[in-house]
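Please read them against the sequence and the coordinates.

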Amino acid sequence: MIRVVLADDHPVVRAGLAALLSSLPGIEVVGVAATGREAIREVVTTRPDVAVLDLQMPDLDGFAATRELARAAPEVAVLVLTMFEDDDSVFAAMRAGARGYLVKGAEQEEIARAIRAVAAGEAIFGPGVARRVLTFFAAPPPTAPFPELTTREREILDLLAAGLSNPAIATRLDLAPKTVANNVSTIFTKLGTADRATAIIQARNAGLGVPKDRT
């Protein structure tokens, strides 16, 4: 028997899913929860094989609950069953530690197959979600601006574009001022610019130097 804990904040949906899962051969629902924190308590207490979680739950959403379960009960496979199928939700859930992702409305056979798959250590996605994942990995990786620069030189150029002086950059990056000055000269040469202002314009046009937390 595959032991399952189910978490969903809607009572009707939760009851319906619990009845559905209990009717499937080889699957036993050992706990239900209405919130993320309740789900964690149920999982830690019952130690099921699979936790089926919604993403939108009060007090602790499914993303945070998945991360906590990955820490507190890493042997328990998390299967997300939610109404959200946007890229941000899918990839955030997988980064949090979910092994599977289904969209509500999935057929009974699909849910059963997903539960058995994640319990066996596999990763599984609903058809629409799978297409999104394949498209994501098939797309070429984004090209960093100024590929001729090293990572350090690009970092210094970013700070230049943000308006920092050489001494301020040296302090920020914990470098010697002379090292920063040498890197700045190299950047000018590689970019084919003759002065700081031109380099800053090029960098800002490429998206560098935008305000962000640099602490």
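1. Helices α2 and α3 run roughly parallel to each other. The model is predicted. α2 covers residues 36-46 and α3 covers residues 62-72; their axes come within 10 Å and cross at roughly 20°. An angle under 35 degrees counts as roughly parallel, and the crossing of α2 and α3 is right-handed.

2. On the α2 side, Gly36, Ile40, Val43 and Val44 make the contact, and on the α3 side the residues are Ala65, Glu68, Leu69 and Ala72. Sorted by class, the contact of α2 with α3 comprises 6 nonpolar, 1 polar and 1 charged residues.

3. Aspartate 59 is in the loop between β3 (50-53) and α3. Its phi is near 65°, a positive value in a residue other than glycine. With a relative accessibility of 47%, aspartate 59 counts as partly exposed, because the class of exposed residues begins over 50%.

4. Helix α7 (151-161) is mostly covered, with 8 of its 11 residues buried. The buried residues are Glu153, Arg154, Ile156, Leu157, Asp158, Leu159, Leu160 and Ala161. The elements that cover them include α8, α9 and α10. After α7 comes glycine 163, with a positive phi near 95°.

5. How do α7 and α10 lie, and at what angle do they pack? The angle is about 100°, and the axes are 9 Å apart. The two helices are therefore roughly perpendicular to each other. Leu157, Leu160 and Ala161 of α7 meet Arg196, Ala199, Ile200, Ala203 and Arg204 of α10 in this contact. By class, the residues of the contact of α7 with α10 divide into 6 nonpolar, no polar and 2 charged.

6. Which residues of α10 (residues 196-205) are buried? They are Ala199, Ile200 and Ala203. Viewed down the axis of α10, the buried residues fall within an arc of 100°, so they line one face of the helix.

7. The C-alpha atoms of isoleucine 201 and alanine 161 are separated by 7.5 Å, while the two residues are 40 apart along the chain.

8. Aspartate 174 has a positive phi of about 60°, although it is not a glycine. This residue lies in the loop between α8 (166-173) and α9. Aspartate 174 counts as exposed, at 71% relative accessibility. Aspartate 59 also has a positive phi, but counts as partly exposed.

Key. Residues are numbered from 1 along each chain as its sequence is written. This is a predicted model: local features need pLDDT of at least 70, side-chain atom pairs count only at pLDDT 80 or more; totals for chains, interfaces and linings use all residues. Side-chain values use heavy atoms; hydrogens and water are left out. Axes are lines fitted to C-alpha atoms, for helices over the stretch in contact, and angles run from 0 to 180 degrees between N-to-C directions. Helices (H or I, at least four residues) and strands (E, at least two) are DSSP runs, numbered from the N terminus. Angles under 35 degrees count as roughly parallel, over 145 as roughly antiparallel, 65 to 115 as roughly perpendicular and the rest as oblique. A crossing is left-handed if the near helix is turned anticlockwise from the far one by less than a right angle, and right-handed if clockwise. Contact means heavy atoms within 4.5 Å. Ala, Val, Leu, Ile, Met, Phe, Trp, Tyr, Cys and Pro count as nonpolar, Asp, Glu, Lys and Arg as charged, and the others, Gly among them, as polar. Buried means under 20% relative accessible area, exposed over 50%, partly exposed in between (1.4 Å probe, protein chains only). The arc is that of the directions from the helix axis to the C-beta atoms.
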